[in-house]
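Please look through the sequence and the model below. The paragraphs that follow go through some contacts and the packing.

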Amino acid sequence: MSLGDAQILDLKDAIVAAFRPMENLFRVMGGASVDEGGETARLCSEIGQELARSFRVKLDAALDSLAAEERHG
């Protein structure tokens with residue numbers, strides 16, 4: 001099955017939308033107060049946000065590669 005650019009963009013939007021609640025959780029954790037025992041939550045938030053950023057970069061690369069294959073394949 002051949003995917004067009006619009007379908008690839010729709011796929012990316014669906015994946016990002018499914019991932020967004022987890023990404024938002026990491027942002028909320030980042031706002032935890034150290035006084036309330038939030039240091040661990042803040043550290044986990046930093047890790048989670050970096051993982052989310054890395055996920056988006058790899059998703060973009062994978063979908064760009066798929067789009068290029070579809071155009072040239």
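Arg-42 has a relative accessibility of 31% and therefore counts as partly exposed, where buried means under 20% relative accessible area, exposed over 50%, and partly exposed in between, with a 1.4 Å probe and protein chains only. Its salt-bridge partner is Glu-39, with the closest N and O atoms 3.4 Å apart; a salt bridge is a side-chain nitrogen of Lys or Arg within 4 Å of a carboxyl oxygen of Asp or Glu. Glu-39 is also partly exposed, at a relative accessible area of 37%. The two residues are three apart in helix α2, so about one helical turn separates Glu-39 from Arg-42. Helices here (H or I, at least four residues), like strands (E, at least two), are DSSP runs numbered from the N terminus.

This is a predicted model, in which local features need pLDDT of at least 70 and side-chain atom pairs count only at pLDDT 80 or more, while totals for chains, interfaces and linings use all residues. Residues are numbered from 1 along each chain as its sequence is written, and side-chain values use heavy atoms, leaving out hydrogens and water.

Helix α2 holds another pair of this kind. Arg-53 forms a salt bridge with Glu-50, and their closest N and O atoms are 2.6 Å apart. Both lie in α2, three residues apart, or about one turn of the helix. Arg-53 is partly exposed with a relative accessible area of 46%, and Glu-50 is partly exposed with 41%. Over the whole structure, a search finds five salt bridges.

How are the two helices α1 and α2 packed? Two packed helices are described by the angle between their axes and the distance between the axes. Helix α1 covers residues 5–30 and helix α2 residues 39–72; the angle is about 175° and the axes are 9 Å apart. The axes are lines fitted to C-alpha atoms, for helices over the stretch in contact, and the angles run from 0 to 180 degrees between N-to-C directions. α1 and α2 are therefore roughly antiparallel to each other, since angles over 145 degrees count as roughly antiparallel, under 35 as roughly parallel, 65 to 115 as roughly perpendicular and the rest as oblique. The residues of their contact divide into 15 nonpolar, four polar and 10 charged. In this division, Ala, Val, Leu, Ile, Met, Phe, Trp, Tyr, Cys and Pro count as nonpolar, Asp, Glu, Lys and Arg as charged, and the others, Gly among them, as polar.

At 8% relative accessibility, Glu-23 counts as buried. Arg-27 forms a salt bridge with Glu-23, the closest N and O atoms being 3.6 Å apart. Arg-27 is partly exposed, with a relative accessible area of 47%. The pair is four residues apart in α1, so Arg-27 and Glu-23 are separated by about one helical turn. Together with Arg-56, these two residues are linked in a network of salt bridges. Leaving aside residues up to four places away in sequence, Glu-23 touches Ala-52 and Arg-56, where contact means heavy atoms within 4.5 Å.

Ser-45 is found in helix α2. Is Ser-45 buried or exposed? With 1% relative accessibility, Ser-45 counts as buried. A polar atom of the Ser-45 side chain lies 2.4 Å from the backbone oxygen of Phe-26. Not counting residues up to four places away in sequence, Ser-45 touches Phe-26, Arg-27, Met-29 and Gly-30.

Key:
A polar contact is a pair of N or O atoms within 3.5 Å; within protein, one must be able to donate a hydrogen and the other to accept it, and residues adjacent in sequence count only if both atoms are side-chain atoms.
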